[in-house]
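Let's take a walk through a protein fold together, one piece at a time. Have the sequence and the 3D view ready, and follow along.

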Amino acid sequence: MKFCIFGAGGTGGVLAAYLAMAGNEVTVIARGAHLAAIQEKGLTLRTNHRGTEQIKKVKACTVEEYADMPDVLLVCVKYYNIDDAIAFAQEKMNADVLIVPVLNVFGTGGVMQEKLPELTCLDGCIYVMGEIASPGVIYQSDKMLRVIFGYRPQQEVRLREKAQELESIMQKAEIRAHFSDNIIRDALQKFAFVSPAAAAGAYFNATSEKFQVEGQERELFIGLIKEVEALGKAMGITFTVNLVETGLKIMDALKAGSTMSMQRDIQRGGNSEFAGLVNRVVELGKEYHVAVPLYQQVADWGAKKM
């Protein structure tokens, strides 16, 4: 299968590496020193569970240089760059391309679809711990790698065979992929980990080991999960797992020193997904008349901090 991956950071870089190692044709859209390094040496994937892989067959180019037509466009940028991905799809993609955003922020596929009515934008989410270690080098700190994608309720189902094939292709690439029949539920279940983890991590400026033991950090993390759960129930979602137990299981399995990308971005003083991962929950609370006092607490902190 031919892939274009818009964004070659921790998420896009990991997916590019696994898909290319499985024999798929992969082009990443990147920029700056990261782009130059991939073009010169290929993409390097460093892991704790499979060592270091050098993947020379990953192609890399800028938005302007891309002149191919993929089977699948994976959108792997931060939410604050989603307009760039939409503009890229408008200019470069045709109706035969399956577009799958795998961002941290809940509901991204619907946002893209509204702007791209002639194209097919699914919703998706990913469980992965990855980051750019240096130009051309992606560090995957945990072997967790799971992608879930699917059609939203009432969405016109186009390119279904390609979506089914994508699940198989990813699984053959050692990516735990699931073509979901309830992506709203599954995406919110994922959001119920990454949003609380990012919010609590940033609020306390704490790494994973602080959340793996009893204390105020763990209690805030649990409380934030419960607020997302309450929102989901108000939206009519029946969850298939215990969100608190699932979140704690993921957190407790993380390597010591792990952080969410939003927290790292805030520490660097740059753009972050705070609006999508924290403020959005406060807005949803108002929309669905659900009290989210802990999210409001973090949002108020963020308004002063940033």
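This is a predicted model: local features need pLDDT of at least 70, side-chain atom pairs count only at pLDDT 80 or more; totals for chains, interfaces and linings use all residues.

The buried residues of α5 pack against quite a list of elements: β1 (2–6), α1 (10–21), β6 (72–75), β7 (98–101), β10 (137–150) and β11 (176–180). Which residues of α5 are the buried ones? They are Lys162, Ala163, Leu166, Ile169 and Met170. Looking down the axis of α5, you'd find these buried residues within an arc of 120 degrees, so they line one face of the helix. There's a handy general idea behind this kind of pattern: an α-helix has 3.6 residues a turn, so residues three or four places apart point the same way.

With 13 residues (160–172) at 1.5 Å a residue, α5 should span 18 Å, and its end C-alpha atoms are 19 Å apart, which agrees.

Next, the sheet. Six strands form an open sheet in the order β5-β2-β1-β6-β7-β8, and their pairing is parallel. β5 (59–61) and β8 (120–121) stand at the edges with a single partner strand each, so one side of each has no neighbour in the sheet. Zoom in on β1 and β6, which pair in the parallel sense over four bridges. Which residue of β6 is the bridge partner of Ile5? That would be Leu74. And how do helix and sheet fit together? α5 lies across β1, β6 and β7, and runs at about 55 degrees to β7.

Now for the cysteines. A disulfide, in general, is a covalent bond between the sulfur atoms of two cysteines. With 2% relative accessibility, Cys125 counts as buried, because the cut-off for that is under 20%.

As a rule, most residues other than glycine have a negative phi. Glu174, which follows α5, has a positive phi of about 70 degrees although it is not a glycine. You'll find Glu174 in the loop between α5 and β11, and at 56% relative accessibility it counts as exposed. Asn205 is another case: this residue isn't a glycine either, yet its phi is positive, at about 50 degrees. Asn205 sits in the loop between α6 (183–204) and α7 (208–211). Is Asn205 buried or exposed? It is exposed, with a relative accessible area of 52%.

One last stop: Glu229, in helix α8 (residues 216–234). Glu229 is partly exposed, at 21% relative accessibility. Leaving aside residues up to four places away in sequence, Glu229 touches Phe239 and Leu243. Glu229 and Phe239 are 10 residues apart along the chain, and their C-alpha atoms are 8.4 Å apart in space.

Methods. Residues are numbered from 1 along each chain as its sequence is written. Side-chain values use heavy atoms; hydrogens and water are left out. Helices (H or I, at least four residues) and strands (E, at least two) are DSSP runs, numbered from the N terminus. The expected span of a helix is 1.5 Å times one less than its number of residues. Buried means under 20% relative accessible area, exposed over 50%, partly exposed in between (1.4 Å probe, protein chains only). The arc is that of the directions from the helix axis to the C-beta atoms. Contact means heavy atoms within 4.5 Å. Two strands pair if DSSP finds at least two bridges between them. Axes are lines fitted to C-alpha atoms, for helices over the stretch in contact, and angles run from 0 to 180 degrees between N-to-C directions.
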